[in-house]
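Please keep the sequence and the structure in view while reading.

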Amino acid sequence: MACMKLGSKSDAFHRQGQAWFCTTGLPSDVVVEVGEMSFHLHKFPLLSRSGVMERLISEASEEGDEACNINLPDIPGGAKTFELVAKFCYGVKLELTASNVVYLRCAAEHLEMTEEYGEGNLITHTESFLNQVVLRNWKDSLKALQTCDDILPYAEELNITKRCIESLATKASTDPNLFGWPVKEHGGPMQSPGGSVLWNGISTGARPKKSSSDWWYEDASTLSLPLYQRLISVMESRGIKQEIIAGSITSYSKKYLPGLSRRQGTSESSTRLAPASLGSPPSEEDQKLLLEEVDRLLPLQKRLVPTKFLFGLLRTAMILRANPSCISNFERRIGMQLDQATLEDLLMPNFSYSMETLYNVDCVQRILDHFLAMEQIAGGASPGSVEDGQLIGSPSLTPVTMVAKLIDGYLAEVAPDVNLKLPKFQALAAAVPEYARHLDDGLYRAIDIYLKSHPWLAEAEREQLCRLMDCQKLSLEACTHAAQNERLPLRIVVQVLFFEQLQLRSSIAGCFLVSDNLDGSRQLRNGFSGFSGSNEGGGWATTVRENQVLKVGMDSMRMRVSELEKECSNMRQEIEKLGKVKGSSTWGNVSKKFGFKIKSQMCSAQEGSVSKQLDGNEKVEKLKEGHGKQKKASLKDE
């Protein structure tokens, strides 16, 4: 810490209880009361240095009091500072530091210790020390600014606070790697003008490690909230990058909000909002004030701060019942980068007094609405801008698809809550655009969990809930599960069976197409290659193996198709037993009722076609195998 010593006399002051005495050999002729402390001094040293003391002593003498008593209740810094002032008046050595120079500068101004009352008076010395030593050094500027909190009105009047803040802002905006000395002295090793590390004043030749842009975060977080806010404002005006400002605000918030992170231990966070309250927990009002100030200071830009941090701010604001506008702003910030959130972030408990639901579903709904609004403004993916095939087959995840997956997972987590009403569940599920879900497996899982946890739902409500998912966008595994799910309405089960059968038929048709293409390419290749002995034998062996594998696959598909057709036939019989629809057009009417654009004989008429296709393919395979055997026999005879 930089310091300066004034005067040459030895220390002649001593303390007895709540009184200070000056041992000069002469009796004291004036008593100065500063708070609870009494200073027994002499008139001449005081009035020769201070205009205020000169006037007070003159007024006391005119009143004729033998004992000259002077009261100084408003001196900046109190009794401790006046002790130093008195020593300066007596010519005692005075050590100026960054911790006391602000108090002494303000006290000297308050006591009018100008050059008029002696050359080299206290105002001149303290002002010179501030400008030439303190304001040129990061640590000293920071310490001086911290002391301004105690005497802020006096420091503001002399522009000390402003000068310290501007000094800190200038140094924070300067890259310490460009000016290793003397700018870079924030806790690192001492350096020479050439930039090498010093050891006991000797250059070691070693180069110091480069500093990152966050080197000042910890120091700035020791300031009180009003001073920190002013420092950040000045830094912004000097053009410091927004991400650096946001990083400092994040660091400050984590230090002063103990409940900001669920996993943050008490040892990891300081629990104070002002330097004077070290070790004492902050009050709720202080935390609310900090939250509102953080909301105001944080730049409104995406991905400057982690999404988890924003969720922590939102959670803390809800617990503390912060200003509704503050909570709304945090929700909007989260909505801007919802695709970066995790399921754990969304699972915020409901802190309302009503406790309708276990988790705050309404808050997640508002956050999702903000995200979708921002996506619409940004011109995100939509059904009109992306082809169906490209959308479903795209390997990359767009932000809206990531959010859709996140919301489906959230719905599955909150579905077991028996207090979660159907309209609220439906509203959140329906808010996600249809094009955002490539598959509806996640939504089907959430709906199934909700139906299991709410068995009292009426049939109409169950159907209404199941309409949220598109059966055509279910995977084969999900279709298989849904076809056997007793909790689903009958109408939905029939739709699932229908679309599952369509998927299987498409798969079989694709296998046929692949098989035909393989056979054609092999015949063409063999026609050009001729009969070449060993190569031909190996080609036929490969062909036989591939045909066998294809045959096994088609056999399994044929068995699955048969099972589905049996289930379809049984269900048709059950529906006919219901007696709701009469006549021979029962199945056709039911098909129309369920929204299928197929003929009434689709389940039965296509049975034969698929079976015939499969049987025909087997005959082709047998002919190929016979033809292969004949060729091998002819080759052996030759």
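## A stacked pair of rings

Tyr450 is buried, as its relative accessible area is 1%, where buried means under 20% relative accessible area, exposed means over 50% and partly exposed lies in between (1.4 Å probe, protein chains only). This is a predicted model, in which local features need pLDDT of at least 70 and side-chain atom pairs count only at pLDDT 80 or more, while totals for chains, interfaces and linings use all residues. Residues are numbered from 1 along each chain as its sequence is written, and side-chain values use heavy atoms, with hydrogens and water left out.

A pair of aromatic rings is described by the distance of the centres and the angle of the planes. Rings of Phe, Tyr and Trp (its six-membered ring) pair if their centres lie within 6.5 Å, and planes under 30 degrees apart count as stacked, over 60 as edge-to-face and the rest as tilted. A search of the whole structure finds six aromatic pairs. One of them is edge-to-face, because the ring centres of Trp216 and Tyr217 are 5.0 Å apart and their planes stand at 90 degrees. Trp216 is buried at a relative accessible area of 0%, and Tyr217 also counts as buried, at 13%. The rings of Phe425 and Tyr450 have centres 4.5 Å apart and planes at 25 degrees, so this pair is stacked. Since Phe425 belongs to helix H19 (residues 422-431) and Tyr450 to helix H20 (residues 441-453), the pair ties together parts that are 25 residues apart in sequence; helices (H or I, at least four residues) and strands (E, at least two) are DSSP runs, numbered from the N terminus. Phe425, at 1% relative accessibility, is buried.

## The open sheet

Five strands form an open sheet in the order E2-E3-E5-E4-E6, with mixed pairing, and two strands pair if DSSP finds at least two bridges between them. Strand E2 (13-16) and strand E6 (68-71) stand at the edges with a single partner strand each, so one side of each is left without a neighbour in the sheet. Strand E4 (residues 30-34) and E6 run parallel and are joined by four bridges, and Val31 stands opposite Asn69 in E6.

## A buried serine in a loop

Ser475 is placed in the loop between helix H21 (459-466) and helix H22 (476-483), and it counts as buried at 15% relative accessibility. Leaving out residues up to four places away in sequence, Ser475 touches Leu439 and Asp441, where contact means heavy atoms within 4.5 Å.
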